[in-house]
Amino acid sequence: MAAVLAVVGAACALSGLLPRAETTATLHRILPLLLFLGTVIVLAELTAVAGVFDVLSSRLAIASRGSWAVLFLLCGGLATLTTLVLNLDTTAVLLTPVLLALARNLRIPAAPLAVTTVWLANTASLLLPVSNLTNLLAADRVGLAPLAYAARMALPQIAAVAVTMALLWFGWWRRERPAGGRFVPPTRHVPADPVLHRTALAGCLIFVAGILAGVEIEIASTVGLVLVLVGFLVRSPATLRPGLVPVRLLFFVTGLFLVVQTLGRHGLDDLVGTLVGADGGALGALRAGGSGALLANAVNNLPAYLAGESVLPTGDHTRLLALLIGTNVGPLAAPWASLATLLWFERCRAAGVAVPLTRFVLTSTLLAVTATLAAVGALLLVS
């Protein structure tokens with residue numbers, strides 16, 4: 001799939017279907033994204049080898065004191081917090097391995113914990129501009145400062161997370177609940193190489209601190225990775241190999257953007273305008289949110305938002321934010337629908353975890369519809 005999309009994207013650029021100027025502009029725009037993708041995935045891989053995720057997962061399980069319901073709330077709360085304060089991609093890259101390690105240590109099915117990260121990475125990304133790249137674009141378009149933006153999106157965010165947690169419990173966690181709703185907490189994990197563990201943890205903390213400080217995300221991930229690479233060069237050089245670089249994913253993302261940009265020139269933008277329509281009021285907001293969710297799963301949430309934004313009037317803040325809700329909350333059913341979902345699939349694949357695909361698509365589609373409706377409805381209440 002990645003190779004095919006890369007070839008099709010290259011064909012679009014070389015054949016002139018996508019003019020050279022637009023090809024150059026697209027590649028220039030996604031270069032920081034590709035740098036972030038490559039560095040953060042290698043950072044996550046090496047951090048896992050250093051045992052950081054095993055340590056964090058054991059502490060999370062111990063904190064729950066053997067209660068399945070408390071563990072569910074802790075996992076959901078942690079995924080929500082990391083998405084809100086950092087961003088959805090950080091949740092997908094760094095929290096997914098923690099919860100997968102937790103499932104391995106507790107000897108329980110990994111699917112409920114894995115789905116928790118990808119669902120909340122998307123649906124908990126509405127509140128702050130930093131939570132999602134699309135939020136930064138929307139906040140700039142409507143002219144809202146971070147606090148004003150957060151005040152406008154607080155109720156939609158609460159609605160989206162509430163729906164997500166309910167569906168997580170009844171769709172995934174309850175059916176895997178151990179007898180009596182209790183489990184035996186693991187002992188505290190001790191890393192094999194404490195020096196390498198501390199180095200990898202420091203690299204992750206530098207990455208997180210950089211994001212909180214407003215450093216470009218690709219620079220933060222690169223600096224964190226450099227520190228961890230130095231640690232492995234000294235302590236475990238045999239671990240470093242070319243296969244750590246996610247070449248397949250980088251080709252996939254590059255091809256995806258080139259193909260979507262080409263489709264935009266040849267009818268996609270017109271289709272977006274038709275889907276979004278010109279209706280105002282509640283109907284217009286629901287239509288914008290639904291169109292955003294549909295397009296995000298068809299192509300990707302970032303180009304879907306940009307295409308929708310381009311056909312909405314500048315002053316139509318309610319429909320613009322409804323579109324944002326659809327492109328943030330809705331991209332769950334397809335693996336390419338958001339960068340966070342792509343990163344999540346990559347982390348699950350690297351850990352050898354296979355989430356039941358049919359069940360995932362069905363429940364994710366239900367979540368996309370219900371959470372989008374709930375969040376847009378909440379937006380209308382504060383508009």
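Glu 346 and Arg 349 sit three residues apart in helix α15 (residues 339-350), so about one helical turn separates them. Helices here are DSSP runs of H or I with at least four residues, numbered from the N terminus. The two side chains form a salt bridge, with the closest N and O atoms 2.8 Å apart; the term requires a side-chain nitrogen of Lys or Arg within 4 Å of a carboxyl oxygen of Asp or Glu. Salt bridges with shared partners join Arg 248, Glu 346 and Arg 349 into one network. Glu 346 counts as buried at 7% relative accessibility, where buried means under 20% relative accessible area, exposed over 50% and partly exposed in between (1.4 Å probe, protein chains only).

The model is predicted: local features need pLDDT of at least 70, side-chain atom pairs count only at pLDDT 80 or more, and totals for chains, interfaces and linings use all residues. Residues are numbered from 1 along each chain as its sequence is written, and side-chain values use heavy atoms, with hydrogens and water left out.

The whole structure contains seven salt bridges.

Asp 54 is buried, its relative accessible area being 14%. Arg 319 is also buried, with a value of 5%.

Helix α14 (residues 317-329) packs against helix α16 (residues 357-382): their axes come within 9 Å and cross at roughly 155 degrees. Axes are lines fitted to C-alpha atoms over the stretch in contact, and angles run from 0 to 180 degrees between N-to-C directions. The two helices are therefore roughly antiparallel, a class for angles over 145 degrees. On the α14 side the contact (heavy atoms within 4.5 Å) involves Thr 318, Leu 321, Ala 322, Ile 325, Gly 326 and Val 329. The α16 side contributes Ala 368, Ala 371, Thr 372, Ala 375, Val 376, Leu 379 and Leu 380. These residues divide into 10 nonpolar, three polar and no charged; Ala, Val, Leu, Ile, Met, Phe, Trp, Tyr, Cys and Pro count as nonpolar, Asp, Glu, Lys and Arg as charged, and the others, Gly among them, as polar.

Key
Angles under 35 degrees count as roughly parallel, over 145 as roughly antiparallel, 65 to 115 as roughly perpendicular and the rest as oblique.
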